Amino acid sequence: MQIVGDELKKLIVSNENWDQTTEGIHISTPLNDFNNNQISDDSIDLRISNTGFIMNKDYKSINTLSKDSFENHFERIELTTDGYVLQPGEVLYIGTIERIGLKGPYIGRIAGRSTYSRLGLSISSSQDKFCGHNDAIVCLQLRNNSNQGLVIFPHQKLVQIMIYKTLGTPSATGSAYANELTYTLPQIGDKERFQYSEFTADKIAKIPSPKKNIAYRGLDAIRKKKKRSSILNLIIGGVFTLLMTVINFISIQDSTKQFLCIMFLVFYLLLSIPIVILVDEDE
């Protein structure tokens, strides 16, 4: 049964009374700035934090049952008031600034907000069920399904939680991600490989996650620097134009001038065309 209207507002417990209560919802933030305007008739709007992660593109693939840490597979992103441009197809992994506490016979369900889905932004939780007897942030994946970059800002209201009353009281969660305060990167325990024999499980756990070759990673780095590449192209063009102008004022044979101009033009094309081709036009 979903809790809505005044009954939803009545469930929210203040900081002062949370430790003493046995039933209700507690919402806290680092700045203690949760606003009642975030409570609608049937849900509570939540804001994203200012720190998230994107996938490290240096890898070809990720072993999802690896025993190793996944830290190298992610890059930390700091969101500023200038916004972060989420590129088409890119996923931003980020948590909410709100920490949700549930006590009693209540669980939550996480859903993205319709306003932003209409822009092509899909917002999902690592699990759309928010466990009862939990006190944690909500971890999200933001994916840009449009063909244009979408600018995402810190503390933007992108997701909502709906509260449901259960038949019976949920037990305390034993998840590795229970009561987390910041976005936690994946953790793969031995129990994730229990269905395999000991030999097979150990073999699977040790399969490496291969990196892309150096040349590919180098091209990828160039694609990330559209502005720098464009400026470099402009500088190269200016230098070669200046050289050809100087040649015209030098007292040498016309055939030599033509030869030098052609050589400079060839060198310019050899340098500038690859730069244009390698630049990612979507950046």
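This is a predicted model: local features need pLDDT of at least 70, side-chain atom pairs count only at pLDDT 80 or more; totals for chains, interfaces and linings use all residues.
**View 1. Lys157 and its partner Asp45.** Lys157 is partly exposed, at 31% relative accessibility (buried is under 20% relative accessible area, exposed over 50%, partly exposed in between, with a 1.4 Å probe and protein chains only). Lys157 forms a salt bridge with Asp45, with the closest N and O atoms 3.9 Å apart (a side-chain nitrogen of Lys or Arg within 4 Å of a carboxyl oxygen of Asp or Glu). Residues are numbered from 1 along each chain as its sequence is written, and side-chain values use heavy atoms, leaving out hydrogens and water.

**View 2. Asp45 meets Arg113.** Asp45 is buried, with a relative accessible area of 9%. The side chains of Asp45 and Arg113 form a salt bridge at 3.8 Å, N to O. Asp45 sits in strand S2 (residues 44–55) and Arg113 in the loop between strand S6 (106–112) and helix H3 (114–117), so the pair ties together parts 68 residues apart in sequence.

**View 3. Glu98 and Arg47.** Here the side chains meet in a salt bridge of 2.6 Å, N to O. Glu98 is buried at 0% relative accessibility, and Arg47 is buried at 10%. Asp33 joins Arg47 and Glu98 in a network of salt bridges.

How values were computed: Helices (H or I, at least four residues) and strands (E, at least two) are DSSP runs, numbered from the N terminus.
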